[in-house]
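I opened this entry to keep a record of what I looked up, beginning with the overall layout and moving on to the ligand.

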Amino acid sequence: MEYSIKTIGVLTSGGDAPGMNAAIRAVTRAALANGIRVKAIFHGYNGLMAGEIQEFTTQDVSGIIQRGGTILKSARSKEFMTLEGRQKAYETMQREQIDALIVIGGDGSFSGARLFAQEFNVPVVGIPGTIDNDLWGTDTTVGYDTALNTIMDCVDKLRDTGTSHERLFLVEIMGRDAGFLTLNAAIAAGAEAAVIPERTAVETQIEEAIGHGRRKHKNSGIVLVQEHAVPGGAKAVGEMIEKLHPEYDTRVTILGHLQRGGSPSAFDRIVASRFGCAAVQALIDEQRSVMVGLQNGEIVYVPLSKAIKEKKDIKDDKWRALQVLSI
Ligand code: F6P
């Protein structure tokens, strides 16, 4: 069958996430299976503006499903946030005869994509790819599960040394403005507490976690601190605890960018593969400016505008579970 879209461009943008390669592979192979050509765009929107483009065959995406990072490279483009930048990007698309774009990225990447689609009437579909899991309309994002597992492994290791020395570890976790990674990793690793931006004042969270005599039988522990829950992050929380509870010997570990690396989990590979196929299908079905998502195990399409603007809630039962289970 012949579709109005003959060539799809695919790019990765923003912070890389494990599973992005699985998504690139799925987009490429699903498009080719439908007789649609694929042009890979390197370095995110910067490459779209500069014309860093290569046509992909099925062999170009061989042996990448298990690799972390993104073979297309990624960038956070300031220039694409300007109208002049987006004009350049549009000119590249015309020159390269790219009819539609699939953007694999997060919040910032989708804001740019939405503007671009509106201004130049370009069909755009988003695949949520970020370890932060902060996009509304999808239960998960590509990379989130792998990052959770990475954090859990690191915290397990920290617990060994923390218990041996009877220390309290403050572990700083990424997430931009969202606490999903922090809260869920805290549950998975059996942490004593999580400090997240979505909940009450940090002092209260700390008191609930280690004060009130509740933890008298334990003098070691793990508290996960979301990077932006408090100015100064885990270090500031450590200083706060040392003042309030000098009986604790504290140590701070910032996990940093290792949370973004590594081979994607089976879950992320499967989600990324489904998202890639669904994104191509969306373009074939003439959907515009939507993000592919997963809700209750099913593929859904969510307007990009909503995915960016609406706030995804932290599940209250998870928050309560952490409080109960950490006693
Ligand atoms: O959005 C992914 C993320 O890793 C956030 O969790 C973090 O705040 C940010 O990117 C770090 O960005 P950069 O890699 O530019 O330092």
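**Domains and ligand site**

I began with the division of the protein, which is split into domain 1 (7-143 + 264-309) and domain 2 (145-260). I kept in mind throughout that this is a predicted model. For the contact between the two parts, I noted that 14 residues come from domain 1 and 11 residues from domain 2. I then looked up the centres of domain 1 and domain 2, which, taken over C-alpha atoms, are separated by 34 Å.

Next I asked where the ligand lies relative to the two domains. Both domain 1 (7-143 + 264-309) and domain 2 (145-260) give residues to the shell around the ligand, so the ligand lies between them. I also looked at the pockets, and found that the ligand sits in the largest pocket.

I listed the surroundings of the ligand, which are R76, T130, I131, D132, M174, G175, R176, E227, H257 and R260.

Which polar atoms lie at what distance from an oxygen atom of the ligand? For H257, a polar side-chain atom is 2.9 Å from a ligand oxygen atom, and for R260, an N or O atom in the side chain is 2.8 Å from an oxygen atom of the ligand. With G175 the backbone is involved, as one of its N or O atoms there lies 3.0 Å from a ligand oxygen atom. Finally I noted the areas: the ligand taken alone exposes 400 Å², and the protein buries 74% of that.

How values were computed: Residues are numbered from 1 along each chain as its sequence is written. This is a predicted model: local features need pLDDT of at least 70, side-chain atom pairs count only at pLDDT 80 or more; totals for chains, interfaces and linings use all residues. Side-chain values use heavy atoms; hydrogens and water are left out. A residue is near a molecule or strand if one of its heavy atoms lies within 4 Å of it. A polar contact is a pair of N or O atoms within 3.5 Å; within protein, one must be able to donate a hydrogen and the other to accept it, and residues adjacent in sequence count only if both atoms are side-chain atoms. Accessible areas come from the Shrake-Rupley method with a 1.4 Å probe; for residues, only the protein chains shown count as cover. On a 1 Å grid over the protein atoms alone, a cavity is a set of points where a 1.4 Å probe fits but cannot get out, and a pocket is an open set with protein on both sides within 12 Å along at least five of seven lines; lining residues have an atom within 4 Å of a point. A molecule sits in a cavity or pocket if more than half of its atoms lie within 2 Å of its grid points. Domain bounds come from an automatic or database domain assignment. Contact means heavy atoms within 4.5 Å.
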